[in-house]
Amino acid sequence: MVAYFPFLLLLLITIVGLTMLANRLRIAYPILLVFGGLGLSLMPKLPHIAIDPNWVLLIFLPPLLYADSWALSLKELWKWRRIIFSFAFIVVFITSATVAWVANMVLPGFSLALGFLFGGVVGSTDVVSVLAILKFVKVPHRLSTILENESLLNDASSLIVFRFAALVVTTGQFVWYQMAGSFLWVVIGGVAIGLAVAYLIRLVHKVFPTDANMDIILTFISPYIIYMIANALEASGVLAVVAGGAYLSHFRYEIFPAATLNKAMAVWDNIVFILNGLAFSLIGLSLPEILSSIEQGGMELTTATYYGLLMAGVIIGVRILCAYGAVLITQIMKRFIPVADGRRYNNVRIPLILGWAGMRGVLSLAVALSIPLTLDDGSPFPHRHLILYMTFIVILVTLVVQGLTLPFLIKRVTFPNYDDHIPEAEAETYVRKELARVALAYMDTHYKDETNSFLLQNQKDIWQFQLDTPQCSITPEVREKYIAILHCQREYLQQLNRNPRLNEQLLRSFERQIDLEEEKWENQTN
């Protein structure tokens, strides 16, 4: 392992350098990281690090899902639940079925079960690529919310399709009622296990004496515990991690002090950056192994490339058609049920953006690599080499072609004024005034006679108060009172979040400011 250290150091340097270059060029950094991995894989005398694909899924998937689930807005998820769940589940199943049919018709010896297996491999979109692109362009908040939440949930649906298709291929049996029962357990059981384990983790944080370092380590361990327990019980580890992470995020201020949350956010930002960088670099680094599998399979590289490009076209086309179909179905269903937004918009490019933002990422490659080498009877797994190579082509095409062209497409679209939220400047002014009002009301109720500390005075009079008051020190009692006011403001932010017209991301930025203020005075207390 020591011999690999210089290579790992070189890999980290490459990740940082290419990310800086991507920011300078204003393109999504996963694109450059894939090419960086390709370049490293072609360099002579570099060690080849073979990683078990099951370990890739275990190492990368739980923490990345956990981090995304902590940022999940349940309010926005509920508002756009129909389209999010449609793309996260129904579109994945439609894509898998279409891929299975085309593969069965075009690829020699490719059964429907193998087609569904490949559809499950490439069924999930990559949230990191989408967010990296949206960072450089301005899109309506509803669009970014739909894309982010869909990518978070379709990991589970694609893995479910892959799981059942692999079972059919390896065993040669398909019992529909057993599959239906297993499907329900995978979905419902995954969510239930995630919530149950998260509840126990919440109790551990509350009951046992911990400090900031121990709490942060526990947050890093938690997604792995949830994921492994769910998988051991044959439920969806992905849904378990998402459900558990959302649960713990909801109770974060009950579990953690503000100082711990601030430190945890800084630590997790670095963890997520490193894991994403390594994950996308591994796509490029896997090229030698994939090319070797094609050679062993005896297939011409040009033929395999043609099949991969064909499947990439099918996947992209199906998603675009589903995006336009979703608009049509919404216009029909609004006559019978309430929908989030039933207005008709004339810009035909808006569904195209939703359909075009379907890049694939490292999860697809890791799932493809996890395909077993042999069937239950010991015979080689059919067309494993071709599935690996087609997966690589699909990832490369969607990341490069869609990733590079999506910003130009977005810039050429004139988005309507959806009016989902109060304009940001107006909302910020409103929240600041409301926080000031609730803080003053709290002071009048609890600390009406408090006049001997500059900390609890109105901010506009604080400097004059210091000059006029001989006693300028802050006692522990006053700090406690000020922190209590901050807690009152934070609780009021939770009430404001019930307003659907307020963007939850804006409210979380105010929570962050309160956390930093509380940490500052807590440190002075200690």
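Select Tyr66, Trp70, Phe220, Tyr224, Phe256 and Trp268: ring pairs link these residues into a cluster. Rings of Phe, Tyr and Trp (its six-membered ring) pair if their centres lie within 6.5 Å; planes under 30 degrees apart are stacked, over 60 edge-to-face, and the rest tilted. The model is predicted, so local features need pLDDT of at least 70 and side-chain atom pairs count only at pLDDT 80 or more, while totals for chains, interfaces and linings use all residues. Residues are numbered from 1 along each chain as its sequence is written, and side-chain values use heavy atoms, with hydrogens and water left out.

By the ring rule there are 9 aromatic pairs. One of them joins tyrosine 66 and tryptophan 268, tilted, with 5.8 Å centre to centre and 45° between the planes. This pair links distant parts of the chain, 202 residues apart: tyrosine 66 in helix H3 (residues 53–70) and tryptophan 268 in helix H13 (residues 258–285). Helices are DSSP runs (H or I, at least four residues), numbered from the N terminus.

Is tyrosine 66 buried or exposed? Tyrosine 66 is buried, at 2% relative accessible area, and tryptophan 268 is buried at 11%. Buried means under 20% relative accessible area, exposed over 50%, and partly exposed in between (1.4 Å probe, protein chains only).

Next, select tyrosine 247 and phenylalanine 251. Their ring centres are 4.9 Å apart and their planes at 55°, so the pair is tilted. Tyrosine 247 is buried at 17% relative accessibility, whereas phenylalanine 251 is partly exposed at 21%.

Definitions and conventions: Helix = DSSP H or I, 4+ residues; strand = E, 2+ residues; numbered from the N terminus.
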